[in-house]
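Please examine the sequence and coordinates before reading on.

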Amino acid sequence: MKFSEYFIPTLKEVPSDAVIPSHILMIRSGMIRQLTAGVYSYLPLGLRVFKKIENIVREEMNAIGGNEFYLPALSPNELWAETGRLEDYGDDIFRIKNRELVLAPTHEEVFTSIAKPNLISYKNLPQVWYQIQTKFRNEPRPRGGMLRARQFTMKDAYSFDADWEGLDTSYKDQGKAYRNIFTRSGLKFFVVSAFSGAMGGSESEEFMVEAEAGEDSVAISEDGSFASNIEVAKSYIDKVQRKNSNLPIEEFPTPNVKTIDELAEFLGITDKSRLAKSRLFVVPSKTEGKKDEYVLALVCGDDEVSETKLFNLFNGIRPAHPEELMEIAGADAGSIGPVNFKNKDVIIVVDYRLQDADELISGACKNDFHFKNIDFKRDVPRVRYEDIRTVKEGELTPDKKSKIRITKAIEVGHIFKLGSRYAEALGAKYLDENGKENVLVMGSYGIGIERIAAAYIEQNHDKDGIIWGGEISPFKIHLICVNPKIENVKNSADDFYKELINKGFEVLYDDREDMSPGVKFKDADLIGIPLQMVISEKNLKNSEIELKFRRTGERTRVGLSDIINSLPNYLENL
RNA sequence: CGGGGUGUGGCUCAGCCCGGUUAGAGCGCCUGGUUCGGGACCAGGAGGCCGGAGGUUCGAAUCCUCUCACCCCGACCA
């Protein structure tokens, strides 16, 4: 491809709307342009990268027996109502105003509707179906350029099996394919458990790329053996030791003490582990006429309540509003505790770390008063012990073998054992060997195409631009003719370009005559193709060509006559 | 949805508080010339309903009201 004929609008300055490196560099290198919030136009260079990623995905999906489909983005409201997701998705789904249609954010329903009349015998199973297609999600707040967009490309795959054993196999196949895809894409990634725990839960793993711009917090171990989404991560941590002193419970005044830190300061202590932190949550009633339930969550003063863990335990919670506290607990925030709680039906959930602990200090459910010497065994009936704390940096992994590090990551893929939820809702059943009717067992597997590119750039850039590598670089070679106005230099460069093309190399050839060398070098570094080859008057005099490796900046001169043959060696591992 | 911020040539921004010639700069673009290995130089030039609507005023990019868009933080995110 000749630069002079290709549309690559590079930018010297940082666009004011972009903040994270991948977004800035995608715009500056002429890969994308924003049309409106969360919606981007893909320019030729960007499209080329995205297509490369798609092809890797396609190859790996086909390698595990995937059937490629292409389903409509438009689908009838009715179909979504059948599985209850029209309501579940709420505002996050785009609705068509003048027709009863939605723009699909994912395709479980549509795929299942095809499976239903066609996968009707065990002989038809298993099946792996996928597509690479544009998805629409009405994200409340798009951010980070291609990291969270309202319109994006997704590979979504679905497996249909006769039973959970079959699903295990399909799920493992996908996991393997995903590892291949991200490895080939040049990403440094790790897999985290996203096991939800709710309702027995389904197995689920997220493929994560560590990056400052990531939206997810993950706990990973230093030895790489452990990785978990912070929302569900567990660690090994010592329990607060029971002292068995049997000291009498005692109320004492704590004027204006609202937080654990203030309480510790008030008491003149630094160890906050025996200061039981109380947080009140509401479990909204799901059945008409039934009352909401209340949950008092208690953790050590130096811990935080994991709202996700609590959410999973009760299948939905929300923090109580400040104005509700007095009504429910009998005190405002800062003075709430497990003893003397106003509403006697409250469910008290205590983190394992405080199991059977005593000599605790907590709010007295009376403003500006606390209790000391609270003993869970003695003073608090019906305590339910659960893991409800958020793990912290530096703690040990559950097997005690390594330390936990908390970091930010981008989710580039997600594999999920769906089970029969959608098949059940849509009545997708098959007959087994015994003529018995069973519901299909499904898995769902997603990959964000543009997110891979964005995540890659987050991990592979420097002050000058992108550093492409792996298989997703838009081109392998960036050929620069420094002085095209000198006829023999231009002719040599043209000839060399043709030779490279004939040998099947992917080349971007900067043949621009009206650009100074500096501009060409800057553009080359910005665009970031892994190998730059420079033809100039200077080099030509010695019948040489100069190579520059984008990642290391290393340069070397090679004889023009034999470079073609050794080129594959240079391109290896770039 | 809550909080904060920004809308001024293609891009990045100044001017706005304190209203007053013809609205500026750098980059980019066009023409001519000189350059030609790290975003060159000189000269000339084109390009703006100052996001939109209404208002105050003799006079509004500037003050007021409403509105739209975009960005950031948070909430949300099977």
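The points below cover the basis of the model, the domains and the RNA surroundings.

This is a predicted model, in which local features need pLDDT of at least 70, side-chain atom pairs count only at pLDDT 80 or more, and totals for chains, interfaces and linings use all residues. Residues are numbered from 1 along each chain as its sequence is written, chains are lettered from A and ligands numbered from 1 in the order in which they are written, and side-chain values use heavy atoms, with hydrogens and water left out.

**Domains**
- Chain A is divided into domain 1 (3-233 + 405-457), domain 2 (250-386) and domain 3 (475-571), with bounds from an automatic or database domain assignment.
- The centres of domain 2 and domain 3, taken over C-alpha atoms, are separated by 68 Å.

**Surface near RNA strand B**
- RNA strand B is surrounded by 40 residues, the closest being T36, D525, S536, N539 and R555; a residue is near the strand if one of its heavy atoms lies within 4 Å of it.
- These residues comprise 14 nonpolar, nine polar (Gly among them by class) and 17 charged (Asp, Glu, Lys and Arg).
- Of the RNA strand B atoms within 4 Å of the protein, 50% belong to sugar or phosphate and the rest to bases.

**Polar contacts (pairs of N or O atoms within 3.5 Å)**
- Phosphate oxygens of RNA strand B lie 3.0 Å from a backbone N or O atom of S16 and 2.9 Å from a side-chain N or O atom of N483.
- A side-chain N or O atom of R143 is 3.4 Å from a base nitrogen of RNA strand B.

How values were computed. Polar contact = N/O pair within 3.5 Å; in protein donor to acceptor, adjacent residues only side chain to side chain.
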